[in-house]
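Biologist: I would like to learn how to read a fold like this one. Please take me through it feature by feature.

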Amino acid sequence: MNGPTGRLIDADDAWRRLLGIRTGADAEAAGLRRDAPGRYNWRDEASADAALLAERYLPGCLAGPRLVHAQLGQSIDGFIATREGDSDYVTGPEDREHLHRLRALSDAVVVGAGTAVSDDPRLTVRACAGPDPVRVVLDPHGRVPRDRQVFTDGAAPTLWVIGEPVRDAAKDVAREGVDVLVLPGRDAFSPRRLLGELGRRGLGRVLVEGGGVTVSRFLHDGALDRLFVTVAPVLIGDGVRGLSFEGPGVLRDALRPPVRRACLGQDTLFEFDLRSSLRTPEAGEPPDGDNDGTGQGGDEDQ
């Protein structure tokens, strides 16, 4: 049976509804109902694409005002760029659309200095409907050139996070409308403390987008709720690694979080639910002591 207007819920309509969901009550108001096993489905007739969007993104929508998730796209042998930093593009257009949807569901999108230097990403929402997040550039040594798009295009708010020794380097950028956050030392750039700073600015839903070093640090610090890794059927052989962090000595102690899999064109999307096993203080709590997308290459230099 079709909805009240007699129209099928298509993908565009479904996505517009999902953008406004943060609670179960929001989901009900948007036309979703919860069945006995706890899964949500559209009350009215919906297309297959509309059903897929709800299944894939509703868990993140329902996470509420505080969510920290990350996204990486890599080759099947674990590289996010060639050894010369070329990452256009490791994954296909379906993954880029997925990345833009994650941006639209976030208050802020975070990249390290290496990604800002090598990729010159825009970090805006263009492949789908939705608001642009605040673009957060982590740059403790102030090495990102001032001509990068996040500083010059005016397409979305930008927060430049720098260290105290390079405070003077921010004066010109601040006059051009870029917000500057000066942190006192290296410890202040730890993932949990950064999330606390962003939370105090009302940026509780955070997407960590690049590069591999930055995402790995957030993962290793237990600061992520969800991790999306899209694997492309391509062999690079050598290049910039994706995830890399100090692991356990024995395999039985390796991370094995719950995972969902989905096809994105020829690519495979892995969604890891880290909330129960890795998450530490909530984003916003006091600290405890593009190219079309980011290629995520380079050393983030944090």
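Modeller: Start with a strand pair. Strands β10 and β13 (residues 267-273) run antiparallel and are joined by 6 bridges. Strands count as paired if DSSP finds at least two bridges between them. Helices (H or I, at least four residues) and strands (E, at least two) are DSSP runs, numbered from the N terminus.

Biologist: What should I know about the model itself?

Modeller: The model is predicted: local features need pLDDT of at least 70, side-chain atom pairs count only at pLDDT 80 or more, and totals for chains, interfaces and linings use all residues. Residues are numbered from 1 along each chain as its sequence is written, and side-chain values use heavy atoms, with hydrogens and water left out.

Biologist: What is the strand order of the open sheet?

Modeller: The order is β8-β7-β6-β5-β9-β3-β10-β13-β12, which makes 9 strands with mixed pairing. The edges are β8 (179-183) and β12, each pairing on one side only. Neighbouring strands are turned by 20° against each other on average, direction ignored. Axes are lines fitted to C-alpha atoms, for helices over the stretch in contact, and angles run from 0 to 180 degrees between N-to-C directions.

Biologist: Which strands does helix α3 touch?

Modeller: Contact means heavy atoms within 4.5 Å. Helix α3 (residues 48-61) packs on the sheet and touches β3, β9, β10, β12 and β13. The direction of α3 makes about 135° with that of β12. Helix α4 (residues 93-104) also packs on the sheet, touching β3, β9, β10, β12 and β13. The direction of α4 makes about 165° with that of β3.

Biologist: Is strand β3 enclosed or open to the outside?

Modeller: In β3 (residues 67-75), 9 of the 9 residues are buried, so the strand is largely enclosed by the rest of the structure. Both faces are covered. One side has Leu67, His69, Gln71, Gly73 and Ser75; the other has Val68, Ala70, Leu72 and Gln74.

Biologist: How many bridges join β3 to β9, and how many pair β3 with β10?

Modeller: Strand β9 (residues 205-210) runs parallel to β3, with 4 bridges. Histidine 69 has leucine 207 as its bridge partner there. Strand β10 (residues 226-232) is also parallel to β3, over 7 bridges. Here glycine 73 is partnered by threonine 230.

Biologist: How do I read salt bridges?

Modeller: Look for a side-chain nitrogen of Lys or Arg within 4 Å of a carboxyl oxygen of Asp or Glu. The whole structure has 14 salt bridges. In one of them, the closest N and O atoms of arginine 260 and glutamate 271 are 2.8 Å apart. Arginine 260 lies in β12 and glutamate 271 in β13, so the pair ties together parts that are 11 residues apart in sequence. Arg226, Arg260 and Glu271 are linked in a network of salt bridges.

Biologist: Is glutamate 271 buried or exposed?

Modeller: Glutamate 271 is buried, at 5% relative accessibility. Arginine 260 is partly exposed, at 30%.

Biologist: Which parts of the chain does the pair of arginine 192 and aspartate 221 link?

Modeller: These side chains meet in a salt bridge (3.4 Å, N to O). Arginine 192 is in helix α8 (residues 191-200), and aspartate 221 is in the loop between α9 (212-220) and β10, 29 residues apart.

Key: Buried < 20%, exposed > 50% of the residue type's maximum accessible area, 1.4 Å probe, protein only.
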